[in-house]
Amino acid sequence: MDNQIETALCCSDSISQSSVTISDFSDEILLNILRFIPSHDLMHNVSRVCQKLQTLCLDKSLRARVHLHKEYTANDDAVKQLLKNFSSDIQTLNLSGCYWLAGSTVDQVTRCKSLVSLDLSGCRLTSIRLSHLLTSLRSLCSLALDVGPGFDLQQLSAEGKSALARLQELKQTLLTPSYGVVPCCSALRRLHLYLEASEGWREAGGCAQLMVGQSSVPHYQNLRWFSARLAPGEVNRTLLALYLAVFSMRVPEGLTGLVLFVPGPAPPRPVAMTALMESMASTVGNTVSALQLPRTWLDGAILGRVLAHGCPVYLNVSRCSSPGFNPLHVLLSAGRDLTTLRSLNLRGCGRGPLAESCGKGEEEMDTESIKALTECCPQLIHLNLSATHYHHALPAGQDGHLCGALGRLAALCSLALPVCALAQSSPTPVNIQDSNSDLTPRSLFLGLKKSSRVGVPTYRPSTEVMGGQGEERQDRGLCIQPLLQGCPHLVELELIGAGFSSAMPRNEPAIRKDPVACSWSYNVGDGELAALGGMKFLRKLTLAHLPGVLKGTGLIDLVKGSKELHSLSLANLGSLKTMNYTLALLEALSYCTQLRDLRLEQPYFNANAAFFEELSHCHQLQRLCLVSRHGTFQPAAVTAFMQSCTDVIMCHMFMGGTLVACKTLQKTLLDSFSISRPALSVVIYPLLHEDLAHVIRGMPLCHLDEITLFKSRVAEEPMKQ
């Protein structure tokens, strides 16, 4: 529980006699407040404040749902005591991502006989332990678990298999090629697969062994939802093909959700997929609620047939644009009511390759179609338009800018845009001379003569702006004002340069070559960043590949205005040959009082004592990830920071330095803080080391997916139903 709340409850002497005290609130009001407090805090802290709160903490409405995801202070003893005291009332238990809990703690879940929904994703679970759990939980309808090496379905008891046969919903994270518990789940209506098998299993013939027992897999006859999200790798693509092969035996009737996320090259479209899509589109009274297919599997005919029966709530056509097929055009020309659409991912979908210096093969946003979309889908909540280009041809003050159209989406909560969408004018020749590719005669004098940046507007934070300079500051953010005013509920924003690639790998060596920036993005700098401070309720912000940022002073006004910022991700701002916004970053961090997650990726970053001293002002920080090619760090500064910020449970650093220095610091942090922080995850490793991909596979998946690996997250997942 938040220390500030504890202080307010406990320190009654600070409240005057004329003020309203806890006893003056009704039970209904207090119960609504207590629902926002983690269950283990209710039991260990709140219940001890006073007699009234102790009584209210016994209310069954507070015990029915126990959610411990991201509750990093919940140690084994606290969770065991919680399960013991709440066992008779718990109906929904979420332990997802609790990788630090011991197996003996997970065993205590057997006490909760009334459990209907159980999420053990990321927890230590063996076949024997799962069998004991299922034998005790006879009312279970929803289950989430990890399937790792050594899992054996034959070790489940008859009672356990019977419990699986009653499941309505299953979420499996497969760390090894396996069918997991699916062969026993004959009544499934919703199946979620996360395929995370490593490439090493391909050599051992892991997928080939599954072919033998394929007939034991059920026909999904009751299935209404099927989703699969794959990590990169051929083994996961093969595994997906085996799961989809089951549809060739019997196509389920009434399937409403089909979400397949396949990074990289997709496998050939299976024959069963055609029949499956026909069934989804032709079932009488059936409307597809969610749809995502690999880019080579989706075409205008399939999408048009699905839309003929109604528009989905979630539609992800990321990177599906191809010559002769524009998903947005098909959507708008379907002649259907699009007001049901809530989440739309158009990442990488444009109207054709640009002929400019932005890069061959990169597509430009179809602005007129986007404007038509905002008129047809006024209830859009999540919209992803990244990995394309938008170049505004008219002066920024005139009508027709993309931000003006997006400002009509009053319900919009999360948005992803290319950086060049905020450029208010076309690039000038001096602005597009990137330091990484400057081949002009002037480059011969680098190091001998200080080059001037003519025509690049300078920005000073509001504390330095005097007199008429305030009007200049407002002009820099003019194009974004309609978006700020029209979308007051925006809580997540991503500005990612088209063509940006993170240096942090997944299954391959780190990227050593910097991506080329769009020439228009050089006109997006500190003034535009400062304008983003108008988003008062912004909680998640991603800024990647903004070469026009000079000193980073716009970050200061940004974080001053967005005081509720919880997650901040910065990557490749300004020059890539020197970090030129260090001073502004240090000052900006002092205002990030609510920050929980920080990811910083920048070549040549120096994680010195000054950086960690300012970072220590972020008292609520929990997760930190630093990625820097040729970056440096000071071990003593890292240790002092971890000692002062007691809530930090994740420290991932991939920079320069020797392997010995990295491992020494990692061991020092684990030895010093593991006992007091059971959820502590420390990974410090050279970014360019050849074994980095192997190290990544050993990280907790929750941290790896949510913060360590860079990716666009807006409209990537279907909305919870």
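C662 counts as buried, at 1% relative accessibility; buried means under 20% relative accessible area, exposed over 50%, and partly exposed in between (1.4 Å probe, protein chains only). This is a predicted model, where local features need pLDDT of at least 70, side-chain atom pairs count only at pLDDT 80 or more, and totals for chains, interfaces and linings use all residues. Residues are numbered from 1 along each chain as its sequence is written, and side-chain values use heavy atoms, with hydrogens and water left out.

**Overall build**

- The chain has 27 helices and 22 strands. Helices (H or I, at least four residues) and strands (E, at least two) are DSSP runs, numbered from the N terminus.
- The chain has 721 residues, and 54% of them count as buried.
- Take the contacts between residues at least 6 apart in sequence: 77% of them join residues at least 24 apart. Contact means heavy atoms within 4.5 Å.

**Cysteines**

- A search of the whole structure finds 0 disulfides. The test is a pair of cysteine sulfur atoms within 2.5 Å.
- C184 is in no disulfide; its nearest cysteine sulfur belongs to C185, 6.4 Å away.
- C184 is buried, at a relative accessible area of 15%.

**Nonpolar cores**

- The largest nonpolar core holds 197 residues, and F226, L543 and F611 touch the most other members. A nonpolar core is a set of buried Ala, Val, Leu, Ile, Met, Phe, Trp, Tyr and Cys residues joined through side-chain atoms within 4.5 Å.
- Helix α12 (residues 234-245) gives the most to this core, with 6 residues.
- Another core lies apart from it, with 11 residues, including I22, L31, L53 and L56.
- Neighbours within four places in sequence aside, L543 is in contact with L495, L529, L532, L555, L558, S569, L570, A571 and L573.

**Surface patch**

- F25, I29 and I33 form a nonpolar patch on the surface, with about 250 Å² of accessible area together. Patches are made of residues with over 30% relative accessible area and no salt bridge; like charges are joined within 9 Å, and nonpolar side chains (Val, Leu, Ile, Met, Phe, Trp, Tyr) within 5 Å.
- F25 is found in the loop between α1 (3-10) and α2 (27-34).
- F25 is partly exposed, at 34% relative accessible area.

**Salt bridges**

- The count comes to 17 salt bridges. The rule is a side-chain nitrogen of Lys or Arg within 4 Å of a carboxyl oxygen of Asp or Glu.
- R63 and D89 meet through their side chains in a salt bridge (3.8 Å, N to O). R63 lies in helix α5 (residues 60-63) and D89 in the loop between α6 (76-86) and β2 (92-94), so the pair ties together parts 26 residues apart in sequence.
- R63 counts as buried at 9% relative accessibility, and D89 is buried at 15%.
- R129 forms a salt bridge with D107, with the closest N and O atoms 2.8 Å apart. This pair links helix α8 (residues 127-136), which holds R129, to helix α7 (residues 103-107), which holds D107, 22 residues apart.
- R129 is buried, at 18% relative accessible area, whereas D107 is partly exposed at 30%.

**Helix α27 and its surroundings**

- Helix α27 (residues 701-708) has C702, H703, L704, I707 and T708 as its buried residues.
- These buried residues pack against β17 (597-601), β19 (623-627), β21 (650-655), β22 (681-686) and α26 (692-696).
- T708, found in helix α27, counts as buried at 0% relative accessibility.
- Neighbours within four places in sequence aside, T708 is in contact with M504, R599, C625, M650, H652, F654, M699 and H703.
- R623 forms a salt bridge with E706, and the closest N and O atoms are 2.8 Å apart. R623 sits in strand β19 and E706 in helix α27, 83 residues apart, so the pair links distant parts of the chain.
- R623 is buried, at 2% relative accessible area, whereas E706 counts as partly exposed at 27%.
- Salt bridges that share partners join K70, D597, R623 and E706 into one network.

Notes
Accessible areas come from the Shrake-Rupley method with a 1.4 Å probe; for residues, only the protein chains shown count as cover.
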